[in-house]
Amino acid sequence: MSYLVPSEFVTKMVDAGESKVFMSTKDTVIRAYMAGAILALAAVFAVSMTVQTGSPLIGAMLFPVGFSMLYLLGFDLLTGVFVLTPLAWIDKRPGVTIGGILRNWGLVFIGNFMGALTVAVMMSIVFTFGFSTEPNEVGQKIAGIGEARTLGYAKYGAAGMLTLFVRAMLCNWMVSTGVVGAMISTSVSGKVIAMWMPIMLFFAMTFEHSIVNMFLFPSALIMGGKFSIMDYLIWNEIPTVLGNLVGGLAFTGLTLYSTHIKTAPQRIRKGHVSIGRAA
């Protein structure tokens, strides 16, 4: 599968982060829009397979098809740029600033949300025959998910908020590992395999992904879910975005960078000369 060693693919992570900071507004928004739309379609696919088979595991096994498609096409998710762009700043790449990073995050958020919302509206038309009937079984399932993952957390107060935040952290630990997986190999099959595993894990464990939720919750509201827009923002989207940021950067970006780029000196063994160096 043409495997790249960690020092090689982590350098590619930093390079990718730098390129995204300097990407034009048009390209950033278009790529983010398409990423949000494709991931939303993958979420519909996974929920549909779960409903049809009665097995959530089947849905989780199939969901990564969307993630693989969007990264092979060069599109961007907020969860990915959360990890990649700060590494370019930490690595002191010329011209990379905090302002540039925040600009990228804002544009990707907007693009992802608009793409996911577009699919939410289109699939709502499909679920209801153009709003002429009650939602079908998949639409009802999505409405139930929306209620369970907003009011379900709110019921537990601070403990629910903590649980939501931790599930979001765990989510982007795995999703950002999938982003890195796209860089581990130079072959399409290798990239897909490396991406598939952590993405399947996050979906099977029902961790909280901010872009998937940009589809699920607007769709659930359209389908008649008994929660409000404020419930969605306060008891899901905002804490999920923050948890995704912390989890992806702390567990994937900074750990890989600190041990494969900013390596510590190797220990000197008796009778040997160290070949490591401090960076």
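Which residues make the nonpolar surface patch of about 490 Å²? In this predicted model, the patch is made by Ile-30, Tyr-33, Met-34, Phe-109, Ile-110 and Met-114, and the elements that give two or more residues to the patch are α2 (25-53) and α6 (98-127). Helix α2 also takes part in the largest pocket, where 4 residues, the largest share of the lining, come from this helix.

**Nonpolar surface patch**

- Ile-30, one of the residues that make the patch, lies in helix α2, and because its relative accessibility is 44%, Ile-30 counts as partly exposed.
- Phe-109, which is likewise named among the patch residues, belongs to helix α6, and its relative accessibility of 31% is why Phe-109 counts as partly exposed.
- When residues up to four places away in sequence are not counted, Phe-109 touches Leu-78, Met-214, Glu-237 and Val-241.
- Between the C-alpha atoms of Phe-109 and Phe-203 there is a separation of 21 Å, the two residues being 94 residues apart along the chain.

**Largest pocket**

- The largest pocket has a volume of about 370 Å³, and of the 17 residues that line this pocket, the closest to its centre are Val-47, Ile-145, Arg-149, Phe-203 and Thr-206.
- Two or more residues of the lining are given by each of the elements α2, α7 (137-148), α10 (188-204) and α11 (210-222), with α2 providing 4 residues, the largest share.

- Thr-50 is found in helix α2, and because its relative accessible area is 13%, under the 20% cut-off, Thr-50 is buried.
- Not counting residues up to four places away in sequence, the contacts of Thr-50 are with Ser-55, Pro-56 and Gly-59.
- Ser-219 is found in helix α11, and because its relative accessibility is 0%, Ser-219 counts as buried.
- Leaving aside neighbours within four places in sequence, Ser-219 is in contact with Ala-120, Ser-124, Phe-127 and Ile-142.

Terms used. Residues numbered from 1 in each chain as written. Predicted model: local features only at pLDDT ≥ 70, side-chain atom pairs only at ≥ 80, totals over all residues. Heavy atoms only, no water. Patch = residues over 30% accessible without salt bridge, like charges linked within 9 Å, V, L, I, M, F, W, Y side chains within 5 Å. Areas by Shrake-Rupley, 256 points an atom, 1.4 Å probe, with all protein chains shown as cover. Salt bridge = Lys/Arg side-chain N within 4 Å of Asp/Glu carboxyl O. Buried < 20%, exposed > 50% of the residue type's maximum accessible area, 1.4 Å probe, protein only. Contact = heavy atoms within 4.5 Å. 1 Å grid on protein atoms, 1.4 Å probe; cavity = no way out; pocket = protein on both sides within 12 Å on 5 of 7 lines; lining within 4 Å. Points joined across faces, edges and corners; volume = space filled by probe spheres on them.
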